[in-house]
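The stops below go from the whole chain to single residues.

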Amino acid sequence: APAPAAEHTDRVDLADAANDPYVAVLCQEAQNAFGKGLSRSEMQRLVGLYLNDGWKPDVILLCCAEVARQGRRTVAAVAHLLARWREDGVETGEDAERWLKRAQQREEWCTDAAAQFGIEPRALTNWERRTIARWHEEMGVGHEMIDEALLRANGKNTVRYVDGILRAWRAQGITTIDAARKQ
């Protein structure tokens, strides 16, 4: 019979990890980022991200800063975002900084688009946020093209409806405002 797989745990023995110089720095800087002290179990989980999951301390601390900026301030939120980063291919501090810049750019696009649609940015669904990012990143659509699509929407000012207009234009090779107006 095959040997049972080793059970993966997020927690580590902090006494055993105390000899690693990064452990103390990681715990202290995470507490600074969160603006609060961490419980023993939170520290164990944080150190487990470093020792067990193989995350570099600089990446974990960038993630802590981003989670704190979002107002979540928990190690569970850090672990969740790190898992998302791993899915997106983030492994180094440089990768994380690029991911954060792209996320900031996407947020700016969403804020701008929400103003165009006359809604609050926080009212956008995840699907709408991904769609707005796709308009800019994949389709090369800018503010002006969204305005033109809104004019064509005839009062159906939803992201879904405007997305249909923009996708139809793209399928027809319409990539400029002039071309859209001549249609």
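**Before selecting anything**

This is a predicted model, in which local features need pLDDT of at least 70 and side-chain atom pairs count only at pLDDT 80 or more, while totals for chains, interfaces and linings use all residues. Residues are numbered from 1 along each chain as its sequence is written, and side-chain values use heavy atoms, with hydrogens and water left out.

**Whole chain**

Show the cartoon. The protein has 10 helices and zero strands; helices (H or I, at least four residues) and strands (E, at least two) are DSSP runs, numbered from the N terminus. The radius of gyration is 22 Å, well over the 16 Å that the globule rule gives for 183 residues, so the protein is more spread out than a compact globule. That radius is taken over C-alpha atoms, and the globule rule is 2.2 Å times the number of residues to the power 0.38.

Colour by accessibility next. Buried residues make up 38% of the 183 residues, where buried means under 20% relative accessible area, exposed over 50%, and partly exposed in between (1.4 Å probe, protein chains only). The accessible surface comes to about 10800 Å², of which 48% belongs to carbon and sulfur atoms; these areas come from the Shrake-Rupley method with a 1.4 Å probe, and for residues only the protein chains shown count as cover.

Contact here means heavy atoms within 4.5 Å. Among contacts between residues at least 6 apart in sequence, 60% join residues at least 24 apart.

**Helix H4**

Select 57–69. Helix H4 has 13 residues and reaches 18 Å from its first C-alpha to its last, close to the 18 Å expected at 1.5 Å a residue. The expected span is 1.5 Å times one less than the number of residues. Show side chains for the buried residues of H4: Pro-57, Val-59, Ile-60, Cys-63, Cys-64, Glu-66, Val-67 and Ala-68. These pack against helix H2 (21–34), helix H3 (40–51), helix H5 (75–87) and helix H6 (93–117).

Then pick Leu-62, also in H4. Leu-62 is partly exposed, at 24% relative accessibility. Not counting residues up to four places away in sequence, Leu-62 touches Trp-85, Gly-93, Ala-96 and Glu-97. Draw a C-alpha to C-alpha distance from Leu-62 to Ala-96: the two are 7.3 Å apart in space and 34 residues apart in sequence.

**The nonpolar cores**

A nonpolar core is a set of buried Ala, Val, Leu, Ile, Met, Phe, Trp, Tyr and Cys residues joined through side-chain atoms within 4.5 Å. The largest has 28 residues, and those with the most contacts inside it are Phe-34, Leu-46, Leu-49, Ile-60, Val-78, Leu-82 and Trp-85. H2, H3, H4, H5 and H6 each supply at least two residues of this core. H5 gives the most to this core, with seven residues. Another core lies apart from it and has 22 residues, among them Leu-124, Met-145, Val-162 and Ile-174.

Leaving out residues up to four places away in sequence, Leu-82 touches Leu-49, Trp-55, Val-59, Ile-60 and Cys-63.

**Cysteines**

How many disulfides are there? With a disulfide taken as a pair of cysteine sulfur atoms within 2.5 Å, the count comes to zero. For Cys-63, the nearest cysteine sulfur is that of Cys-64, 6.3 Å away. Cys-63 is buried, with a relative accessible area of 0%. Cys-110 is in no disulfide either, and the nearest cysteine sulfur, that of Cys-63, is 20 Å away. Cys-110 is buried at 2%.

**Backbone and a buried aspartate**

Most residues other than glycine have a negative phi. Just after H4, Gly-71 takes a positive phi of about 85°. Arg-73, in the loop between H4 and H5, has a positive phi near 50° and is partly exposed at 35%. Asn-154 also has a positive phi near 50°. Asn-154 sits in the loop between helix H8 (143–152) and helix H9 (159–171) and is exposed, at 69% relative accessibility.

End on Asp-163 in helix H9. Asp-163 counts as buried at 3% relative accessibility. Beyond residues up to four places away in sequence, Asp-163 touches Trp-127, Thr-131, Arg-134 and Trp-135.
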